[in-house]
Amino acid sequence: MEIKNYMEFVVQEAVERILEGRKDLCKCDQCKMDIMALVLNRVPPRYIVTNKGRIMTKISETEIQFQVDVIREIVVAVEIVRMKPRHQKQE
Ligand SMILES: [Zn+2]
């Protein structure tokens with residue numbers, strides 16, 4: 001068993017989904033993780049117990065409401081990373 005921040009799952013999933021819909025954004029690991037870190041520093045953590053990756057704590061509907069805040073924070077983070085990407089330039 002381990003303690004995990006449930007927001008990591010929520011943010012990762014939401015970042016993947018948002019990046020998929022945006023053709024203009026870089027999808028390298030550096031940019032993705034920078035976006036995730038920015039968002040996770042701005043939203044309150046929700047710690048849960050997992051067992052080999054399986055979530056053992058029940059997530060209530062109200063927790064899911066958080067996703068709205070998460071998406072707003074991702075939109076902000078995406079812009080920050082887009083303006084100042086830290087990845088190695090490929091071209
Ligand atoms: Zn990148």
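Is the crossing of α1 and α2 left-handed or right-handed? Keep that in mind as you open the model, and we will come to it on the way.

**Before you start**

This is a predicted model, in which local features need pLDDT of at least 70 and side-chain atom pairs count only at pLDDT 80 or more, while totals for chains, interfaces and linings use all residues. Residues are numbered from 1 along each chain as its sequence is written.

**The whole chain**

**Helices α1 and α2**

Select residues 6–20 for α1 and 29–40 for α2. The two pack at an angle of about 130 degrees, with their axes 10 Å apart; axes are lines fitted to C-alpha atoms, for helices over the stretch in contact, and angles run from 0 to 180 degrees between N-to-C directions. α1 and α2 are therefore oblique to each other, the term for angles that are not under 35 degrees (roughly parallel), over 145 (roughly antiparallel) or 65 to 115 (roughly perpendicular). As for the opening question, the crossing of α1 and α2 is right-handed: the near helix is turned clockwise from the far one by less than a right angle.

To see where they meet, show M7, E8, V11, Q12, V15 and L19 in α1 with K32, I35, M36, V39 and L40 in α2.

**The core**

Next, select M7, V10, V11, V15, I35, M36, V39, V70, I74, A77, V78 and V81, the twelve residues of the largest nonpolar core. Such a core is a set of buried Ala, Val, Leu, Ile, Met, Phe, Trp, Tyr and Cys residues joined through C-beta atoms within 7 Å. α4 gives the most to this core, with five residues.

Within α2, colour D34, I35, M36 and V39, which are buried (20 or more other C-beta atoms within 10 Å of a residue's own; exposed is 12 or fewer, partly exposed in between, with C-beta atoms placed from the backbone). Now centre on V39: leaving aside neighbours within four places in sequence, V39 is in contact with V11, V70, E73, I74 and A77 (contact means C-beta atoms, placed from the backbone, within 7 Å).

**Last stop: Q67**

Go to Q67 in helix α4, residues 66–83. Q67 counts as partly exposed because it has 15 C-beta neighbours inside 10 Å. Beyond its neighbours within four places in sequence, Q67 is in contact with V10 and A14. Its C-alpha atom is separated by 8.2 Å from that of V11, 56 residues apart along the chain.

Definitions and conventions: Helix = DSSP H or I, 4+ residues; strand = E, 2+ residues; numbered from the N terminus. Contact = placed C-beta atoms within 7 Å.
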